[in-house]
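Hi there,

Here is the structure I promised to pass on. Have a look at it first, and then read my notes below.

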Amino acid sequence: MLKSKTVAWAAFILIIVVIGLTFTLRPVWWAFSDIFFAFMMVFSHLMAVYIYKLNPFASRSLDRFALVFGILAVVALVVEVVLFQILIP
């Protein structure tokens with residue numbers, strides 16, 4: 001399932017939909033950091049799936065980058081929640 005192009009495309013489309021639906025809910029520029037990291041995670045994984053047959057080493061590297069972007073997305077989401085709780089009572 002991790003190497004499925006269909007699942008990778010579904011995740012990519014889902015993140016695009018989330019960006020579109022939550023765009024107006026983000027009043028400041030730093031509120032987009034979590035969605036940026038999530039987009040980069042999904043995009044990196046999508047590219048890793050597509051280039052696996054051409055270059056498995058590069059595919060594994062892109063998947064590692066996707067993991068790092070995923071961790072950064074979670075951290076950014078937690079930081080945003082905390083900042084919004086502090087800045088907007």
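First, a definition for the surface part: patches are built from residues with over 30% relative accessible area and no salt bridge, joining like charges within 9 Å and nonpolar side chains (Val, Leu, Ile, Met, Phe, Trp, Tyr) within 5 Å. The areas themselves come from the Shrake-Rupley method with a 1.4 Å probe, and for residues only the protein chains shown count as cover.

Before the findings, a word on where the values come from. This is a predicted model, where local features need pLDDT of at least 70, side-chain atom pairs count only at pLDDT 80 or more, and totals for chains, interfaces and linings use all residues. Residues are numbered from 1 along each chain as its sequence is written, and side-chain values use heavy atoms, with hydrogens and water left out.

**The patch**

L67, I71, V74, V75, V78, V79, V82, L83, I86, L87 and I88 make a nonpolar patch on the surface, and together they have about 1,000 Å² of accessible area. Take V79 as one of them: V79 sits in helix α3, residues 56-87. With a relative accessible area of 44%, V79 is partly exposed (buried means under 20%, exposed over 50%, and partly exposed in between, with a 1.4 Å probe and protein chains only).

**The overall layout**

The protein chain has three helices and zero strands. (Helices are DSSP runs of H or I with at least four residues, strands are runs of E with at least two, and both are numbered from the N terminus.) Along the sequence, the pattern reads α-α-α. The C-alpha atoms fill a box of roughly 50 × 20 × 20 Å along the principal axes. Of the 89 residues, 27% are buried.

**How the helices pack**

Two packed helices are described by the angle between their axes and the distance between those axes. Here, axes are lines fitted to C-alpha atoms, for helices over the stretch in contact, and angles run from 0 to 180 degrees between N-to-C directions.

Helix α1 (residues 5-22) and helix α2 (residues 33-51) have axes that come within 9 Å and cross at roughly 160°. For α2 and α3, the axes come within 7 Å and cross at roughly 165°, which means α2 is roughly antiparallel to α3.

**Salt bridges**

How many salt bridges does a search of the whole structure find? It finds three. (A salt bridge is a side-chain nitrogen of Lys or Arg within 4 Å of a carboxyl oxygen of Asp or Glu.)

One of them joins the side chains of D63 and K3, at 3.2 Å from N to O. D63 lies in helix α3 and K3 in the segment before α1, so this pair ties together parts that are 60 residues apart in sequence. K3 is partly exposed, at 43% relative accessible area.

R26 forms a salt bridge with D34, their closest N and O atoms being 2.9 Å apart. R26 also pairs with E80, where the closest N and O atoms are 3.7 Å apart. E80 is in helix α3 and R26 in the loop between α1 and α2, so that pair ties together parts 54 residues apart in sequence. Through shared partners, R26, D34 and E80 are joined into one network. Are these residues buried or exposed? R26 counts as buried at 15% relative accessibility, D34 at 9% and E80 at 5%.

Cheers

Methods
Parallel < 35°, antiparallel > 145°, perpendicular 65-115°, else oblique.
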